[in-house]
Amino acid sequence: MKQERLIMDNLPELRDIHVPDGVSAFPPAYGWWVVLAGVVALFLLAELFLLLRRASKKLYARRLLQNITSSSPVNAAVQMSEILRRICVYKYPEAAALSGRAWLDFLNAHAGTALSGQAAELLINAPYVPADTESYRSADLEALRRFCHAWIGENL
């Protein structure tokens, strides 16, 4: 009886068992923040690399265009056409084989402002006329140079 009494006296001191709360996935541990920051940094570095690569191609093509110093408008137009073709081999491979009016139409289709008049004729006919021809002026060459500069800026 003494033992029963002892058990009965201890019953009020017993409490229910409490299960701890589950472990939450958020906020993530510091290591996951470092991994996320690394992935974001790699993505930004890749985008920066691609941006600099595109800008360097554009600068290189414009520098080539600027360095064309020929006394003959025909020779200069041939060199400009070669620069545009090199860009097309890189970006528009289907256009590399175009010539004549189809070449001009392709360039105008991918340009903000179309090339026309004597400057367009200079671009079309330059590979086929003698270099010492007098039918083209330096103003035609400058119009062609401005068109090439704008075309490079829009397509590279």
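Me: How many disulfides does the structure hold?
Reply: In this predicted model, the sulfur of cysteine 88 lies 11 Å from the closest cysteine sulfur, that of cysteine 148, which is too far for a bond. A disulfide would need the two sulfur atoms within 2.5 Å. Cysteine 88 is buried at 0% relative accessibility, and cysteine 148 is likewise buried, with a relative accessible area of 0%. The number of disulfides in the structure is therefore zero.

Me: What separates arginine 145 and glutamate 142 along helix 6?
Reply: The side chains of these two residues meet in a salt bridge, at 3.5 Å from N to O. Arginine 145 is buried, with a relative accessible area of 17%, whereas glutamate 142 counts as partly exposed at 36%. Because they are three residues apart in helix 6, the separation between arginine 145 and glutamate 142 is about one helical turn.

Me: Is aspartate 140 buried or exposed?
Reply: Aspartate 140 forms a salt bridge with arginine 137, the closest N and O atoms being 3.8 Å apart. Arginine 137 counts as exposed, at 52% relative accessibility. The relative accessibility of aspartate 140 is 7%, and since the limit for burial is under 20%, aspartate 140 is buried.

Me: Which residues is serine 81 in contact with, leaving aside its neighbours within four places in sequence?
Reply: Serine 81 has its place in helix 3, which spans residues 73–91, and it is buried, with a relative accessible area of 7%. The buried residues of helix 5, among them Leu123, pack against helix 3, helix 4 and helix 6. Once the neighbours within four places are set aside, the contacts of serine 81 are Trp103 and Leu123.

Me: What is the area of the nonpolar surface patch that includes Tyr30?
Reply: Tyrosine 30 is found in helix 2, which covers residues 30–66, and at 74% relative accessibility it counts as exposed. Together with Trp33, Leu36, Val40, Phe43 and Leu44, Tyr30 makes a nonpolar surface patch of about 720 Å².

Terms used
Residues numbered from 1 in each chain as written. Predicted model: local features only at pLDDT ≥ 70, side-chain atom pairs only at ≥ 80, totals over all residues. Heavy atoms only, no water. Helix = DSSP H or I, 4+ residues; strand = E, 2+ residues; numbered from the N terminus. Buried < 20%, exposed > 50% of the residue type's maximum accessible area, 1.4 Å probe, protein only. Contact = heavy atoms within 4.5 Å. Patch = residues over 30% accessible without salt bridge, like charges linked within 9 Å, V, L, I, M, F, W, Y side chains within 5 Å. Areas by Shrake-Rupley, 256 points an atom, 1.4 Å probe, with all protein chains shown as cover. Salt bridge = Lys/Arg side-chain N within 4 Å of Asp/Glu carboxyl O.
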